[in-house]
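Please examine the sequence and the coordinates shown here before reading the report.

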Amino acid sequence: MGKPTGFLEFTRELPKKRDPQQRIHDYKEIEMPFSEQDSQRQAARCMDCGTPFCHSGCPLGNIIPEFNDAVYEQNWAYAYDILSTTNNFPEFTGRICPAPCEASCVLGINKPPVAIEFIEKSIAEVAFERGYITPKQPKFRTGKRVAVVGSGPAGLAAAAQLNKAGHTVTVFERADQIGGLLRYGIPDFKLEKWTIDRRLAIMEAEGIVFKTGVNVGVDIKAKDLLEQFDLVMLTGGSTVPRDLPIPGRDLKGVYPAMEFLSQQNKRVANRPVQVNHQGLPYVDGELWATDKHVVVIGGGDTGSDCVGTSNRHGAASVTQIELMPMPPKERAENTPWPNWPMMLRTSTSHEEGCERHWSINTKAFVGDENGNLKALRLVDLEWKNENGRMQMVEKPGTEREIPCELALLAAGFLHPQHNGLLDDLGLEYDERGNVKANKYQTTTNPKVFAAGDMRRGQSLVVWAISEGREAARAADCYLMGETLLEAKAVSMLEAV
Ligand SMILES: Cc1cc2nc3c(=O)[nH]c(=O)nc-3n(C[C@H](O)[C@H](O)[C@H](O)COP(=O)(O)OP(=O)(O)OC[C@H]3O[C@@H](n4cnc5c(N)ncnc54)[C@H](O)[C@@H]3O)c2cc1C
Ligand code: SF4
């Protein structure tokens, strides 16, 4: 424990954010840099609890009190060593993780929790700045060839771990750049893309081969992939968006959120804007929110990113609507500490300007005579608990229209795309349509593994990294024919 009285002396502080009026004119990150001394003071608040609940709060099992202690001692190299034993990409999670660890921090029972996420970001940034993060080639190569399909956080974590274990890894990505949703989903104002390029340079120097613009299943057939590689790791994400099949759905102006967001990330990257990357029949041009009344349908991360992007485009107004009731402002009673709290969250995008409404259903998209969207027909809802199940009931007399020229559907994703690669591999799906696997190994083909959103369903970056790491461990055992325990011992010896 760095400073026994730290939690009494210092309060929680986070890096300052840029002024909303200034930042909505660019796509740069919102938080200003955190000085090493600021991080040290925040690390001093860690109580090094006998049972650190933050360990289990973090899906990666990050060893949080230990790296806090190292930061307090200003031993940044050691702090990074500790952090990198469990997390391949702390520079991503330190920026965009919702930090379930902080929700289970013991200090959080009666004081604001330790600022774990920002300490993590500081460790990663100082480590890069001081050159502690250098390419590390594996000591030997096993001769086994692994194909990783999809280059989001799950694929990248799996590739890094399998390469570390000595396998020869090729990552295939159908987009023109590596990164999955880190690259073409999450906006630059949350995660600037040089952070991905910086990490990729290390991974390439470690021997991982990246191939972009390769749609596996189309450009390489499933059977050829199985012939050319000893193991296939599927990390293609959850890509089929939940639709809203109501009257007026085909009007010009109603689009899936991901089409809108990925176009903007391309513009920021100075890449040609790929219109309609999913081949949808009703997307026929570049999507702009400028001077439009925008309504974002769906209250999650994707919806919030649409709010931030619409404000940057200069929308006339931005409204976000959600079917579910407004969550409580404080931790709900049914999610007590140390659980992830069910409560109202306000993102940096909401701070920039947005009307938010809950318990609202969209009845229809209303168009003009040219087939352009001009309004949304909405109705208020009442949620009733009937035999333990929440049922929505429309409130009589509340049906109305609000002006809207751009409606963005941000109601989540259903499952991965089945037709093509997954069906060609003859895979089974679980009841939600995700790839069915037993400890990451698919139930139909022992040399095909799956991880991340494709297996787990739509989730978080931290979970994708965790899945990639765990799937890599299981794949390594399969390739080397060892038991999980023996493999663990070998990899631990390798790490020494
Ligand atoms: C807009 C948005 C914002 C989000 N914000 C956050 C956030 O702030 N914090 C957070 O923790 N999580 C966030 N998430 C969730 C997070 O991004 C995902 O959970 C995570 O990226 C999943 O990682 P993955 O590696 O499983 O898949 P993905 O990141 O989806 O990557 C899959 C990749 O596989 C590629 N691929 C698919 N099929 C093929 C094929 N046949 N051949 C070649 N390539 C293929 C795809 O092109 C894609 O690049 C957000 C999600 C969205 C959509
Ligand atoms: S990865 Fe997320 S949950 Fe884990 S320690 Fe970092 S911020 Fe917390």
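The report below covers the basis of the model, an annotated domain, a ligand site, aromatic contacts and backbone features.

## Basis of the model

The model is predicted; local features need pLDDT of at least 70, side-chain atom pairs count only at pLDDT 80 or more, and totals for chains, interfaces and linings use all residues. Residues are numbered from 1 along each chain as its sequence is written, chains are lettered from A and ligands numbered from 1 in the order in which they are written, and side-chain values use heavy atoms, with hydrogens and water left out.

## Annotated domain

An unreviewed UniProt entry lists residues 23–130 as "domain: Dihydroprymidine dehydrogenase". UniProt positions follow the numbering used here, feature names are shortened, and annotations may be inferred rather than shown by experiment. This span is 55% helix and 0% strand, and its end C-alpha atoms lie 29 Å apart. Helices (H or I, at least four residues) and strands (E, at least two) are DSSP runs, numbered from the N terminus.

## Site of ligand 2

The shell around ligand 2 holds 13 residues, of which Cys58, Asn62, Cys97, Cys101 and Glu120 come nearest; a residue belongs to it if one of its heavy atoms lies within 4 Å of the molecule. Helix 8 (100–103) and helix 9 (116–129) are the elements that give two or more residues to this shell. Helix 9 supplies the largest share, three residues.

By class, the shell comprises nine nonpolar, two polar and two charged residues. Here Ala, Val, Leu, Ile, Met, Phe, Trp, Tyr, Cys and Pro count as nonpolar, Asp, Glu, Lys and Arg as charged, and the others, Gly among them, as polar.

## Charges over rings

The charged end of Arg267 sits over the ring of Trp288, 3.9 Å from its centre. Arg456 lies over the face of Trp463, 3.7 Å from the ring centre. The criterion requires NZ of Lys or CZ of Arg within 6 Å of the ring centre and within 35 degrees of the ring normal.

## Backbone features

Trp337 and Pro338 are joined by a cis peptide bond with omega of about 5°. Pro338 belongs to the loop between strand 8 (317–321) and helix 16 (348–351).

Asn270, a residue other than glycine, has a positive phi near 60°. Asn270 is placed in the loop between helix 14 (257–268) and strand 7 (293–297).
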